[in-house]
Amino acid sequence: LSPPRRSLSNTISLTQNPTMNLPSRDYTLPPPYPSQPNLQTYPYSSQVYVEPYSPQIYHSQPSIPQIHPFRLPSTPEVSHPEPHLPELYLPQTHPRTSTIPQAIPMKAPLVSVASYDPQADADILALAIKEKTDEKALIRVLAPLKPLEIVALNQHWLATYSKSLAQSLESETKSHFRTAILHLVKDPAEVKADYLFNAMDGIGTKDHALIDVLTQCSNAEIEEIKTVYEHKYWKQKETKKAKKRSKLESDIKGDTSGNFEKLLLECCKAMRMEGGNVNDQEALDDAERLYRGGEKRWGTDDSLFISIFTHSSQAHLDCVNRHYTVQHNHSLIEAVKKECSGDFKDALIALATPRVNYTASRLHQSMKGLGTNDLLLTYHITQTWDMGPIKSAYQAMYGRSLESEIQSNTSGDYKRLFLEIPRCRE
């Protein structure tokens, strides 16, 4: 049978393209979509089909249309890859499935720098630290800024005053207010790298600080933190072994041990699935595997728990938790509490807990009881960009508003800053 006719607008005659290198008549049909644009003849016709150019598919070669022979009616359709989206983070493929989840927005909201004038804010800040520091002016300028606005302000300040904004503010502020202000003007990856370094520096290790960063950051954020950490804190050693691993991973190996160390090193690989797509059957299978590797046997298969928790997305673990609850009458987190202990247990719970609930619980932990854990409070207030859901979760979980807790546990400019940041980031 002859192939279906095509409109003249989509065909070209071979005689119109004498310079093209055409194959012989006994040519074997290629796949419907060749890996490179190519000109091929159809065995029963002296014409070829030119597919109209699609910028979503061949954006890297806009001047070359894809040309391929007529497709037989029985040829199955082949799906094309999604177009490149510059403002979205495209997650990796899940290690146990070939399904690619949908692109998800980055955690920090992106703003247009074109709508922001750093000159005005720089002038206010320069006047605020010229003689006696005006802390209220610092709060008024810095609390509402978005990530890209902070970058623009830092660049303008460095070009104008030949030193960084952080260096200028560090000498003009003090105590916990200074720490919070520096967290606002520094790059988030640098803040988190400093937080990790301080957690492992000196005698003892602040294990929960490691959990706060490595279990709650995206894959892209972890890779950036590793780069900043190595650049800022590691002097290259001459041994070949030291050059094969990042400084963050080697410091974790030196300051932690056992299953907790293995879990953190897996988190450092930044291989966790991201996105909202969930395969319900895989979640059901994982729930059964976790039961067989935990409560059903004598002893716990810790490697299985580490593998599933560090490679699964939050949405997948939520689905696993639902299946686990239906089958065994208690949640997955309750099973983890029974089977595991110590920092390893806390890290697994952090991975299985929705980020909004986890952040709310850490804010509550920083202000619970006598005294305030100012470093913990400062980190979560300054490094959280969607405070609206977190304020709602805090109210639902503890029966008090986040503002009232901050009001009763802080004072002075420190309190004013921490009340202003959640209001600006709702």
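Student: Which residues is Asn409 in contact with, leaving aside its neighbours within four places in sequence?
Tutor: Met367 and Thr372. Contact here means heavy atoms within 4.5 Å.

Student: And what does the side chain of Asn409 make a polar contact with?
Tutor: With the side chain of Ser408, at 3.2 Å. A polar contact is a pair of N or O atoms within 3.5 Å; within protein, one must be able to donate a hydrogen and the other to accept it, and residues adjacent in sequence count only if both atoms are side-chain atoms.

Student: Before I go on, what am I looking at?
Tutor: This is a predicted model, where local features need pLDDT of at least 70 and side-chain atom pairs count only at pLDDT 80 or more, while totals for chains, interfaces and linings use all residues. Residues are numbered from 1 along each chain as its sequence is written, and side-chain values use heavy atoms, with hydrogens and water left out.

Student: OK. Where is the place of Asn409?
Tutor: In helix H20, residues 402–409. Helices (H or I, at least four residues) and strands (E, at least two) are DSSP runs, numbered from the N terminus.

Student: Which residues of H20 are buried?
Tutor: Leu402, Glu405, Ile406 and Asn409. They cover an arc of only 95° around the axis, so they sit on the same side of H20. That arc is taken from the directions from the helix axis to the C-beta atoms. Buried means under 20% relative accessible area, exposed over 50%, partly exposed in between, with a 1.4 Å probe and protein chains only.

Student: What do the buried residues of H20 pack against?
Tutor: Helices H17 (355–367), H18 (374–382), H19 (387–398) and H21 (412–424).

Student: Switching topic: how many residues does the largest nonpolar core have?
Tutor: It has 50, and Leu263 and Phe309 have the most contacts inside it. Helix H16 (residues 342–352) gives the most to this core, with seven residues. Apart from it lies another core of 42 residues, including Phe177 and Phe418. A nonpolar core is a set of buried Ala, Val, Leu, Ile, Met, Phe, Trp, Tyr and Cys residues joined through side-chain atoms within 4.5 Å.

Student: Leaving aside neighbours within four places in sequence, what is Leu263 in contact with?
Tutor: Ile306, Thr310, Phe344, Ala347, Leu348 and Leu351.

Student: Back to asparagines: is Asn219 buried or exposed?
Tutor: Buried, since its relative accessible area is 4%. Asn219 is found in helix H8, and a polar atom of its side chain lies 2.6 Å from the backbone oxygen of Arg272.

Student: Last one: how many helices and strands are in the chain?
Tutor: There are 21 helices and three strands. Of the 426 residues in the chain, 42% are buried.
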